[in-house]
Amino acid sequence: MSAVLQNLVNQPYKHGFVTEIESDVAPKGLSENTIRMISAKKNEPEWLLEFRLKAYQQWLTMEEPQWPNVKYPKIDFQAISYYSAPKPRKKLGSMDEVDPELLRTFEKLGVPMHERAALAGVAVDVIFDSVSVATTYKQKLAEVGIIFGSISEAVHTHPDLVKQYLGTVVPVGDNFYATLNSAVFTDGSFCFIPKGVKCPMDLSTYFRINTEASGQFERTLIIAEEGASVSYLEGCTAPRFDTNQLHAAVVELVALDNADIKYSTVQNWYAGDENGVGGIFNFVTKRGLAKGVNSRISWTQVETGSAITWKYPSCVLQGDNSVGEFYSVAVTNHHQQADTGTKMIHIGKNTRSTIVSKGISAGHSNNSYRGLVRIAPTAAGARNYSQCDSMLVGDQCSASTFPYIQVRNNSAIVEHEASTSKIGEDQLFYFAQRGIGGEEAVSMIINGFCKDVFQQLPMEFAVEATKLLGLKLEGSVG
Amino acid sequence: MIYPDSKSLLEVRGLRATVNGIEILKGIDLTVRSGEVHAIMGTNGSGKSTFAKVLAGHTAYEVTGGTVLFEGKNLFELAPEERARAGVFLAFQYPIEIPGVANNQFLRLTYNTVQTQRGKDELDPLEFDDFVREKMKMLEMSPDFLDRSVNAGFSGGEKKRNEILQMALLEPRLAILDETDSGLDIDALRIVANGVNQLATRDNATILVTHYQRLLNYIVPDYVHVMESGRIIKTGGKQLALELESHGYDWVSSEQRAAAGA
Ligand SMILES: Nc1ncnc2c1ncn2[C@@H]1O[C@H](COP(=O)(O)OP(=O)(O)OP(=O)(O)O)[C@@H](O)[C@H]1O
Ligand SMILES: [Mg+2]
């Protein structure tokens, strides 16, 4: 993993500050004109404008889903600004402009003072220079034929590829939020690994919402051609605002014959405060199409942020012998709500899927696993193994599991295991009696609980995830 | 062993404690000096484990009266983990299972925490591995237990041995062994008792909670206390345990009643 990325994933938790930066922010509201404006600003070809408008027309006829196990006030889609782009940045003037909460966070992480002073500058750079991070890689990657950069750019440089794949995994009218995204998406990553190429380094994108009342609608498209493979990392943070912000992303993955895509996320959007005020509404559609024979799509996610998470990274296992994997840790604290899981759709013969989900609830939070395993009549010899474990920290939180299993082929084998455990007073007392304090005890128990998922993460990400969890649950034992 | 000039390690005076508002400990007095071995016996439910947990600082129990000095300092001013680091060790009657946490990691963390407290160097994983294997040999424990989760799926006797292993690692000033002998087979009892005896020095002390005279053949107590309804109602030498075995607890209680009536 590159040094840049290492710095990036080693950033401390909660970048709750707003960056003083001049932005080009569109007026609030959504109409056909808004979409034409976005498209024009990006100087898009006609076919993409049509794609957007078609989505918008469809979206107008759709209803927000009510089935997730989450509660939130009705979103006013006219109160959101759908376009916000930073103008060239200014440096933070002094340390005093940095949120004291953020400074305290650094202290907890043991980041030395001088590094901390540097970090306020670096963090801003990292966040707003995501494009330049991509550019650094670009030349090197281009030598082996890999295209990696922003999707807005790819629309111009590789229009045929974008046109060929965009919306093929998550169709325009797929669901309420995905359709909204198709109408208004502003940017995101595009990544194309040509036939036979094993991507020589992990690719990454780091997302950040900075402007209050703006929505974030990014769109990511990753294509691995025959025999290609790639490991992709996604990280995200947002400043703390008292209002909720909407994040409705779409990620599409396509794996052709013998291709392999591994997609890892550490999601750390602002979660709202202890009382549940503010935070990101994270309504995301992620889906991978294992299109070719022997292809493999693997999702690993560590979800620690957001006021509400509604997210089901899924695999459509179309190619014979294709493999789908989903490894997830979802942590909720305070008043956070998470309804997350996966869908494994088995279509090809001898397709295999593995689901390992670890939900941790603390405070007053609510954490639900929702997963669908569907074995189509064509999926002879398909196999699925699911394991869903929940852990409760304290008495005020809750956890639920909603497994949906639909088997339409007799030769399929589907296994499901679930457990619920609790970090109890007696366990913590046992640690204390051996000299180990509450916070350290919880982090040890949680890391043990999440081991199966963490070992799927690239190393630096795993370190980051472990740290994050410790901070996240700090103060939740009492 | 009783040494004439040894220092007082633990001084309990009029200790009272409740759980969920129910008073369990009703005025306990006990003095333990360094070098000594004390046995506490008594009927089921008389409050022996509660006493042990209150000394260790279990949060479910509320201390409602009395004082406890540990090495001359107020024990109740220390958080449970601080008591442990100061050298109070409790081998649990029912050691809890901690699935997912590897025993070797747990043992190393607790060992290093206490070492740091004592101003000594921590051991890295490799050094610790050698060190812990040595201790396990003494207790005739298989090294396989290192790779398993803490106590998870251990048999009753294996859990007890794992407790004594921790005691051997931490070398406490005051070890409270709550029915460590229950559930041990005869060989294990001998091995564990040997371990405890080897760890005993002039500077530390042991409190054994037990129902059986048998253990006291291996670990010879300097004092035997009888507990009933949250109080120590009789204290004697090691022969008291033998008398209890032949006469039963009723004998002590009626003796007490007679004394009270007189
Ligand atoms: N959490 C609790 N709620 C209610 N009662 C409790 C609680 N914990 C302990 N007790 C009661 O306190 C009394 C003393 O219990 P304790 O475990 O200390 O007894 P013990 O002397 O160790 O008994 P044994 O020899 O069976 O181990 C018992 O009557 C028990 O039921
Ligand atoms: Mg007991």
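Phe190(A) lies in strand β4 of chain A, residues 189-193; strands (E, at least two residues) and helices (H or I, at least four) are DSSP runs numbered from the N terminus. The model is predicted: local features need pLDDT of at least 70, side-chain atom pairs count only at pLDDT 80 or more, and totals for chains, interfaces and linings use all residues. Residues are numbered from 1 along each chain as its sequence is written, chains are lettered from A and ligands numbered from 1 in the order in which they are written, and side-chain values use heavy atoms, with hydrogens and water left out.

Phe190(A) counts as buried because its relative accessibility is 0%. Buried means under 20% relative accessible area, exposed over 50%, and partly exposed in between (1.4 Å probe, protein chains only). Beyond its neighbours within four places in sequence, Phe190(A) has contacts that include Ile147(A), Ala154(A), Leu161(A), Leu221(A) and Ile223(A). Contact means heavy atoms within 4.5 Å. Gly149(A) is also in contact with Phe190(A). The two are 41 residues apart in sequence, but their C-alpha atoms are 5.5 Å apart.

Gly45(B) is exposed, because its relative accessible area is 77%. This glycine sits in the loop between β3 (37-42) and α1 (48-56) of chain B. Gly45(B) and Ile24(B) are separated by 21 residues in sequence and by 9.0 Å, C-alpha to C-alpha.

The largest nonpolar core holds 106 residues. Such a core is a set of buried Ala, Val, Leu, Ile, Met, Phe, Trp, Tyr and Cys residues joined through side-chain atoms within 4.5 Å. Residues with the most contacts inside it include Ile360(A), Ile446(A), Leu10(B), Val12(B) and Phe51(B). Helix α11 of chain A (residues 438-454) gives the most to this core, with nine residues. A second, separate core has 53 residues, among them Leu49(A), Ile147(A), Ala183(A) and Phe185(A). In soluble globular proteins, nonpolar side chains tend to be buried together.

In chain B, helices α4 (residues 125-138) and α5 (residues 156-170) pack at about 125°, with axes 10 Å apart. Axes are lines fitted to C-alpha atoms, for helices over the stretch in contact, and angles run from 0 to 180 degrees between N-to-C directions. The angle therefore makes α4(B) oblique to α5(B). Angles under 35 degrees count as roughly parallel, over 145 as roughly antiparallel, 65 to 115 as roughly perpendicular and the rest as oblique. Residues of α4(B), including Phe128(B), Phe131(B) and Lys135(B), meet Leu165(B), Ala168(B) and Leu169(B) of α5(B).
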